[in-house]
Amino acid sequence: MSKWLLVDGFNLAYRCFHAMPELTRADGFPTGALHGWVKSLWKLMDLEKPDATLVFFDLGESAARVALLAEYKAQRKPMPDALRQQIDPIKALTRAMGLAGIEEFGVESDDLLAAEAVRRATAGDEVVIVSSDKDFAQIVGDRIKIMLPPPSANPKLGWRRLDAAGVAEKFGVPPAQIAEYLALVGDTSDNIPGIDGVGPKTATKWLAEWGSLDGVIAHAGELKPERFRAAVAADAARLRVNLKLTTLNLALPPVKPEWRTPQPVELVRMLDGFEMRTTAVDARKRYGVSAEISAPKPAVARQTELF
């Protein structure tokens, strides 16, 4: 049995960007997310000691989901420019650390990651998903866990594992009902509207009573509070579309990672080039790189190819 660490790339990158101070290189190039990214991956690898790590990035929205709902994710603000500038360097640092990257046009990285997680778990491997995205709760099971990043409001909590019991405690429903739960309450992060006024308590109560979204719709005339009966009956078709939107696509073909070996010298040179001095010192110790290895001067931001 192998242990896989599957990283939701943009989710972690945003978390690092917002959690770190606004650090910059002498020429003004932002480096805060870079600091957080490298240290987070080191921390995770030390905690979990995986046999393999895959980092998933989006290259665009799911064409299939946009076809179902034109407004899917349309409310999201553009990526902050300071973070956008750091994405290619993040990918370059990831490669230098010896980690494989996965991204595919027209397919959401959530679906790629989830399909790979289930495939690996079915083969008997252990999978740890690094993400705060609640969609992944639907595939948590005996062999799949979620590693939640430290909350911004209380970073001292540290990284926390979420298993099936944790999913039920957090959401009020088991993993198998997460997609139906989200279909009912909606998902503001993806611009998916639920039933107006239906919150977590009502949705969990209905699913416990009627077993599924179809069961809730079939018993719309018996729902309590009564004020929701007409709305659920009228929005039955939209709720079924919601379920398609909130359900991860596990039927995707296997990913084909480009396996890499760590390049410690290149990693240290890049860290020096971004003036990440403390992190560069840590990298030298971690990988046994000579203190004489340094970046050429003047340091220039690397523009790299995609994974």
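1. Let us start with a term you will need later: on a 1 Å grid over the protein atoms alone, a cavity is a set of points where a 1.4 Å probe fits but cannot get out, and its lining residues have an atom within 4 Å of a point. Grid points are joined across faces, edges and corners, and a volume is the space filled by probe spheres set on the points.

2. Please keep in mind that this is a predicted model, in which local features need pLDDT of at least 70, side-chain atom pairs count only at pLDDT 80 or more, and totals for chains, interfaces and linings use all residues. Residues are numbered from 1 along each chain as its sequence is written, and side-chain values use heavy atoms, with hydrogens and water left out.

3. How confident is the predictor? The score to look at is pLDDT, its confidence in each residue, from 0 to 100. The chain has an average pLDDT of 91, and 94% of the residues score at least 70. Residues 297-306 have a pLDDT below 50, and this stretch has 20 contacts in the model beyond near neighbours in sequence; a contact means heavy atoms within 4.5 Å. Where pLDDT is low, the predicted coordinates should not be read in detail.

4. Now have a look at strand β5, residues 144-148. Helices (H or I, at least four residues) and strands (E, at least two) are DSSP runs, numbered from the N terminus. Five of the five residues in β5 are buried, where buried means under 20% relative accessible area, exposed over 50%, and partly exposed in between (1.4 Å probe, protein chains only). Ile-144, Ile-146 and Leu-148 point one way from the strand, while Lys-145 and Met-147 point the other way.

5. Which strands pair with β5? Two strands pair if DSSP finds at least two bridges between them. Strand β4 (residues 126-130) runs parallel to β5 and is joined to it by four bridges, whereas β6 (residues 160-162) runs antiparallel to β5, with three bridges.

6. Helix α8 covers residues 200-210, and its buried residues are Thr-202, Ala-203, Thr-204, Trp-206 and Leu-207. These buried residues pack against four helices: α6 (164-171), α7 (178-185), α9 (213-218) and α10 (229-234). After α8 comes Gly-211, whose phi is positive, near 85°.

7. Glu-180 counts as buried, at 12% relative accessibility. Leaving aside residues up to four places away in sequence, Glu-180 touches Leu-207, Gly-211, Ser-212, Leu-213 and Leu-243. Gly-158 is 22 residues from Glu-180 along the chain, and their C-alpha atoms are separated by 30 Å.

8. On to charged pairs. A salt bridge is a side-chain nitrogen of Lys or Arg within 4 Å of a carboxyl oxygen of Asp or Glu, and the count comes to 19. One of them joins the side chains of Glu-108 and Arg-65, at 3.1 Å from N to O. Glu-108 lies in the loop between β3 (100-102) and α5 (109-122) and Arg-65 in helix α3 (residues 63-68), so this pair ties together parts that are 43 residues apart in sequence. Both Glu-108 and Arg-65 are buried.

9. Arg-76 and Asp-190 form another salt bridge, with their closest N and O atoms 2.7 Å apart. This pair links distant parts of the chain, 114 residues apart: Arg-76 is in the loop between α3 and α4 (81-96), and Asp-190 in the loop between β7 (186-187) and β8 (192-193). Arg-76 is partly exposed at 42% relative accessibility, but Asp-190 is buried at 5%.

10. Within helix α5, what separates Arg-120 and Glu-116? They are four residues apart, which means about one helical turn. Their salt bridge has its closest N and O atoms 2.8 Å apart. Arg-120 is partly exposed, with a relative accessible area of 22%, and Glu-116 is buried at 1%. Elsewhere, salt bridges that share partners join Lys-3, Glu-48, Glu-126 and Arg-161 into one network.

11. Finally, back to our opening term. The structure holds one cavity of 30 Å³ or more, and about 60 Å³ of space lies in the largest cavity. Of the 13 residues that line the largest cavity, Arg-65, Tyr-72, Asp-135, Asp-190 and Leu-245 lie nearest its centre. Helices α5 and α11 (236-246) each supply at least two residues of this lining.

Note on methods. pLDDT is the predictor's confidence in each residue, from 0 to 100. On a 1 Å grid over the protein atoms alone, a cavity is a set of points where a 1.4 Å probe fits but cannot get out, and a pocket is an open set with protein on both sides within 12 Å along at least five of seven lines; lining residues have an atom within 4 Å of a point.
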